[in-house]
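Hi,

Here is the structure I promised to pass on.

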Amino acid sequence: MSFATGLSGLRAASSDLQTTGNNIANANTTGFKKSRAEFADVYATSLSGVAKTQPGSGVKVTEVAQQFTQGNIDFTENSLDIAISGNGFFTLANNVNDPQPTNFTRNGAFQLNKEGYVVDDRGRYLMAFKPNGETIEEGFSQGVFQALQVDTSQGLPRATESINLKINLNAGDLAPTAAFDPSNPDSFNNVTSATIYDSQGNSHTLSTYYRKTGANQWDTYVYLNDRGVTLGANPVYDANDAIVTPAGDVTYEPVGTAPTPVPVTFSASGLLLNVNGQAALSTGSFPSNIFLNGIDLAPDFVVEDLNFELDFAGGTQFNSAFSVNDLVQDGLPSGNLTGIDINSEGVMLSRFSNGASKPIGQVALARFPNDQGLAKLGDTSWGESADSGQPIFGSAGSNNFGVMQSAALESSNVDLSDQLVRLIIAQQAYQANAQTISTQNTITQTILNIR
C-alpha cells in the first residue's frame, strides 16, 4: 500500500462528489443534462508488461460524460418556449449578420429582443430555415439559415383575386314580370353579397342578383359598391395554356345604370348547360372564371384596379330553396400581430387580426454522430469538436429528429433521489480512501518507531 494509491482514490472520489453535486445543483436548470464520472484502474507498467502479482497503483478519472437522456416536458404559457421531444439540439448563432450555428442547446426558453429577433437569455440568435414563399406548402430551404425575426408591424392587406361562389337556384321559382331594378325586390328572385378588398385593404361590397327569365333560364347581374358591372368574356387558351383571346373589357356602369346580365341556361334535367354561350366545364356546374378585371374604383380610392375572378363552379338548379352553399374570397384587410404559433415540425407562423398568417421560418435542429464528444461551453450549450463529428442539420419530425412542443420546456434530466444515493456512495468512497491513507500512515509510524 502507498500514499499515492490512496491519494488517487481521494481525487477520484472528490471528482465523483463534484460531479454529483453539480448534477444536484442543476436539478432545476432547463435543458440541463446530468454527468457521470467514469474511472479506470492504474497499473505501473514496464517493457515486459504488468506482472501477475502487481496490485495496482490506484485509480484515475477517464471522463465526466454527459448523459443526453430525455428530460420531462413542462408546459408554460409562453408560445416562444419550445421543447424538443427526441433527438436534436437548437442551433444558435452569435451574430445576426453571420447566421452560422456555433452553439447548440436543449434549453428552449426563448424571447424577443428589441429588434424582434428570437434570442435566448444570453442574446444568441435562434437559427431557422428560410421560407420559400408566403405559405407553408411552398416549403423551406433547409441549409439556408436565417435568424428568426418576428415582424410586429401591421399585417399587409391583400387584394381579392378570386371569389368562389356555389349557389343553388330554385327551379320552381317564377320569372318576375317587372323590369330589373336592384331597388325593387319584385324584379329579381334572389341576391347574395360578399365583402372584397382592394390593394390598400379597403372593403367593397360585391352583390350578385339572380333573375329567372324563362324555363331553366336565368340572368345574373353583378354590382360593386351599388354600381353595375358588365362582365368581360372569358379568355380563350390553346393546348399550351397560352391565351389566344384575352379577357374582354369590363365596364363599371354609372350610378343607376343596370349592367348587361350574364345569361345562364339549364337543361330540362336541371343541370347547367352554358353561361354566356360557353359550355360548362363539368356536368351540373357553372363554368369557372367569369373575369371581372380592370375596374376603376371611385375617385376617392387611389388604389390599384380590382382584378379578380368570379367562379361559379359547383352551382346547381334544383327544386329547392335558393341557398349559398359556399362563398370564399381570398382578399384581406390590414391587421395587427395577434400571436405566434409553432407546430410540431418547428414551423413558426405569425398570426394577424385580419385572419392572415405568414411563415417566419422553420426552426433548424442539429444532431451529431457522437453527442458524448461535444465540447461543453456552459450555459447549457455545447459546441462541435473533433470527437463529436460534424453537425447534421434538419427539421423536427424528420431524418431521426425529435418533434417540437410550443409553450413547453424540457426540464433537467437529473433524478434527485438517484443523485442523493450516488452522493452517499461517493462519500463512502472518499472516507474509505482517506482510511487507506491513515492506515498507511500508521504502518509507516510503526516502522519509524522500531529501535
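Threonine 380 counts as buried, because its relative accessibility is 14% and buried means under 20% relative accessible area, with exposed over 50% and partly exposed in between (1.4 Å probe, protein chains only). Threonine 380 sits in the loop between strand S30 (375–378) and strand S31 (381–383). Its phi is near 50 degrees, a positive value in a residue other than glycine. By the way, helices (H or I, at least four residues) and strands (E, at least two) are DSSP runs, numbered from the N terminus.

Before you go further: this is a predicted model, where local features need pLDDT of at least 70 and side-chain atom pairs count only at pLDDT 80 or more, while totals for chains, interfaces and linings use all residues. Residues are numbered from 1 along each chain as its sequence is written, and side-chain values use heavy atoms, with hydrogens and water left out.

Asparagine 400 also has a positive phi, near 70 degrees, and is a residue other than glycine. You'll find asparagine 400 in the loop between strand S32 (392–394) and strand S33 (403–406). Is asparagine 400 buried or exposed? It counts as exposed, because its relative accessibility is 57%.

Now the whole chain. Its secondary structure comes to two helices and 34 strands. Of the 451 residues, 42% are buried. Take the contacts (heavy atoms within 4.5 Å) with a separation of 6 or more: 62% of them are between residues 24 or more positions apart. The chain exposes about 23000 Å², and carbon and sulfur atoms supply 49% of that; the areas come from the Shrake-Rupley method with a 1.4 Å probe, and for residues only the protein chains shown count as cover.

Which strands does S28 pair with? Strand S9 (residues 125–131) pairs with S28 in the antiparallel sense over two bridges, and two strands count as paired if DSSP finds at least two bridges between them. Phenylalanine 129 has glutamine 362 in S28 as its bridge partner. Strand S27 (residues 347–352) also runs antiparallel to S28, joined to it by five bridges. There, methionine 348 stands opposite glycine 361. S27 and S28 form a hairpin with four residues between them, and glycine 355 in the turn has a positive phi of about 90 degrees.

S27 and S28 are the elements that give two or more residues to the lining, and S28 gives the most, with four. By class, the pocket lining has nine nonpolar, eight polar and four charged residues. For those classes, Ala, Val, Leu, Ile, Met, Phe, Trp, Tyr, Cys and Pro count as nonpolar, Asp, Glu, Lys and Arg as charged, and the others, Gly among them, as polar.

How are pockets and cavities found? On a 1 Å grid over the protein atoms alone, a cavity is a set of points where a 1.4 Å probe fits but cannot get out, and a pocket is an open set with protein on both sides within 12 Å along at least five of seven lines; lining residues have an atom within 4 Å of a point. Grid points are joined across faces, edges and corners, and a volume is the space filled by probe spheres set on the points.

A search of the whole structure finds three cavities of 30 Å³ or more. About 50 Å³ of space lies in the largest cavity. Among the residues lining it are Ile163, Thr192, Leu206 and Leu327. Strand S12 (190–197) is one of the strands that supply at least two residues of that lining, and its share, three residues, is the largest. The cavity lining divides into six nonpolar, three polar and no charged residues.

Last, strand S19 (residues 262–266). Its covered face is Val262, Val264 and Phe266, and its uncovered one is Pro263 and Thr265. In a regular strand the side chains alternate between the two faces of the sheet. Strand S14 (residues 217–224) pairs with S19 in the antiparallel sense over four bridges, and tryptophan 218 has valine 264 as its bridge partner.

Cheers
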